[in-house]
Amino acid sequence: MKQKFFVMGAIAVIAIAGFFIFEQATSAQRPDRNAQGGNRGGMGMINPSSLVENSWIDLTFVLKVDDDTLVKARPIYQASRDKFEAKMKELRASGDMRSAMTEMQSYAATVGKEFQMGLKEVLTEEQMTKLNELTKKRQTEQATRMNRWRGEGGRRGGGGGRQ
């Protein structure tokens with residue numbers, strides 16, 4: 001009787017472990033659409049707020065600027081991020097995603113210029129150049145991921161692909 005109970009317990013443990021491994025393996029295969037630059041907020045475009053956040057990460061950890069520069073740059077980043085978030089909230093509430101995308105792109109260009117001008121007052125020319133290179137690289141990578149996601153959506157019949 002004890003052997004039978006032991007065997008049944010071992011089978012149950014193996015089954016649970018197998019299910020866990022299967023679940024983890026299949027979830028690793030699924031694309032995380034938000035992480036791939038996908039349809040964040042239903043707008044189907046690169047989120048300018050995330051570009052500001054990523055720029056802050058690059059400034060802090062890749063360029064490793066000194067603390068005094070970070071303290072001076074923080075209000076510039078915060079203002080830009082707050083503007084983008086407020087505009088995104090406003091545009092989401094409008095419900096017209098096509099015009100919202102167009103409006104957000106023009107708004108991003110305007111706020112982006114203000115952001116760049118503010119940073120030029122704080123960073124050295126070399127730091128600005130490196131930061132701009134990192135930002136362009138990140139934008140290109142995000143656009144590539146988004147295009148790849150759209151292409152996969154089209155092949156799967158998800159309706160998200162452009163053909």
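Which side chain meets that of Glu114 in a salt bridge? Select Glu114 and Lys83 to find out: their side chains meet in a salt bridge, at 2.6 Å from N to O. A salt bridge here is a side-chain nitrogen of Lys or Arg within 4 Å of a carboxyl oxygen of Asp or Glu. We will come back to this pair.

**Before you go on**

You are looking at a predicted model, in which local features need pLDDT of at least 70, side-chain atom pairs count only at pLDDT 80 or more, and totals for chains, interfaces and linings use all residues. Residues are numbered from 1 along each chain as its sequence is written, and side-chain values use heavy atoms, with hydrogens and water left out.

**The whole chain**

Show the chain as a cartoon.

Now color by pLDDT, the predictor's confidence in each residue, from 0 to 100. The chain averages 76. Helix α1, residues 2-29, has the lowest mean among the elements, 70, while α3 has the highest, 88. Next, select residues 32-44, where the pLDDT is below 50. Where pLDDT is low, the predicted coordinates should not be read in detail.

**Into the core**

Select Leu59, Tyr77, Leu119, Leu123 and Leu131. These have the most contacts inside the largest nonpolar core, which has 20 residues. Such a core is a set of buried Ala, Val, Leu, Ile, Met, Phe, Trp, Tyr and Cys residues joined through side-chain atoms within 4.5 Å. Buried means under 20% relative accessible area, exposed over 50%, and partly exposed in between, with a 1.4 Å probe and protein chains only.

Color α2 (48-62), α3 (67-94), α4 (97-122) and α5 (125-155): these elements each give two or more residues to this core. Helix α3 gives the most, with seven residues.

Zoom in on Tyr77. Leaving aside neighbours within four places in sequence, its contacts (heavy atoms within 4.5 Å) include Val52, Trp56, Phe115 and Leu131.

Now move to Thr60, in helix α2. Thr60 is buried, with a relative accessible area of 17%. Beyond neighbours within four places in sequence, Thr60 touches Val65 and Leu70.

**Pairs of charges**

There are six salt bridges by the rule above. Start with Arg138 and Asp58, whose side chains meet at 2.5 Å, N to O. This pair links distant parts of the chain, with Arg138 in helix α5 and Asp58 in helix α2, 80 residues apart. Is Asp58 buried or exposed? At 3% relative accessibility, Asp58 is buried, whereas Arg138 is partly exposed at 23%.

Return to our opening pair. Glu114 sits in helix α4 and Lys83 in helix α3, 31 residues apart. Glu114 is partly exposed at 42%, and Lys83 is partly exposed at 33%.

Then select Lys87 and Glu103, with closest N and O atoms 2.8 Å apart. Lys87 is in helix α3 and Glu103 in helix α4. Lys87 is buried at 12%, while Glu103 is partly exposed at 34%.

**Last stop**

Finish in helix α1, where you will find Met8. Met8 is exposed because its relative accessibility is 54%.

Note on methods. Helix = DSSP H or I, 4+ residues; strand = E, 2+ residues; numbered from the N terminus.
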